[in-house]
Amino acid sequence: NSIKFVKLILNNINLPETYKKLSNFIISILEEDTFFVGKITLDRELLTINYFDLTKNELDFNLKGTYNLKSNIVDIIVKLDSNKENFMEFKITDNVKNPYIQILSNDNSINYNFFLNDIEKILEGGIDNILKNIMANE
């Protein structure tokens, strides 16, 4: 019921298209069975994600990258596509204890660069501030 409530709210507020696609993707994963394919290899200290693909409705999630188990350095790229067109990309790099995260949408309505430990700054001011930032990027 909580997901239905969130979905109802998201459908009735005026969000940029990128936010709608992302929220629909996340909700569909939570509401329905989800299947994926992937290839992950481990060679000594290096975990390599050759591909990890998930398709849900007309949205595709693709993850690839590496994680060095000895140095705790991660280098991951996540791409989200809608109807075979990229609409958002996440890059996660640096030490896993405080990775550097870049989030960019193809329409530039979302463009964040931050270290994970700095997430409190993004969430400063609570939900009101977050909604103001979303509306400002419309």
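Author: Helix 2 (residues 17-31) supplies seven residues, the largest share of the lining of the second largest pocket; helices (H or I, at least four residues) and strands (E, at least two) are DSSP runs, numbered from the N terminus. This is a predicted model, in which local features need pLDDT of at least 70 and side-chain atom pairs pLDDT 80 or more, while totals for chains, interfaces and linings use all residues. Residues are numbered from 1 along each chain, and side-chain values use heavy atoms, without hydrogens and water.

Reader: How much space lies in that second largest pocket, and which residues are the closest to its centre?

Author: About 190 Å³ lies in the second largest pocket, and of the 15 residues lining the pocket, N24, F25, S28, N57 and L59 are the closest to its centre. A pocket here is an open set of points on a 1 Å grid over the protein atoms alone, where a 1.4 Å probe fits, with protein on both sides within 12 Å along at least five of seven lines, and lining residues have an atom within 4 Å of a point. The volume is the space filled by probe spheres set on the points, which are joined across faces, edges and corners.

Reader: OK, now the sheet: what is the strand order?

Author: The seven strands are ordered 1-2-3-4-5-6-7 in an open, antiparallel sheet, with strand 1 (36-43) and strand 7 (111-115) as the edge strands; two strands pair if DSSP finds at least two bridges between them.

Reader: And how many bridges join strand 4 to strand 5?

Author: Strand 4 (residues 73-82) and strand 5 (residues 85-95) run antiparallel and are joined by 10 bridges, and V78 has F90 in strand 5 as its bridge partner.
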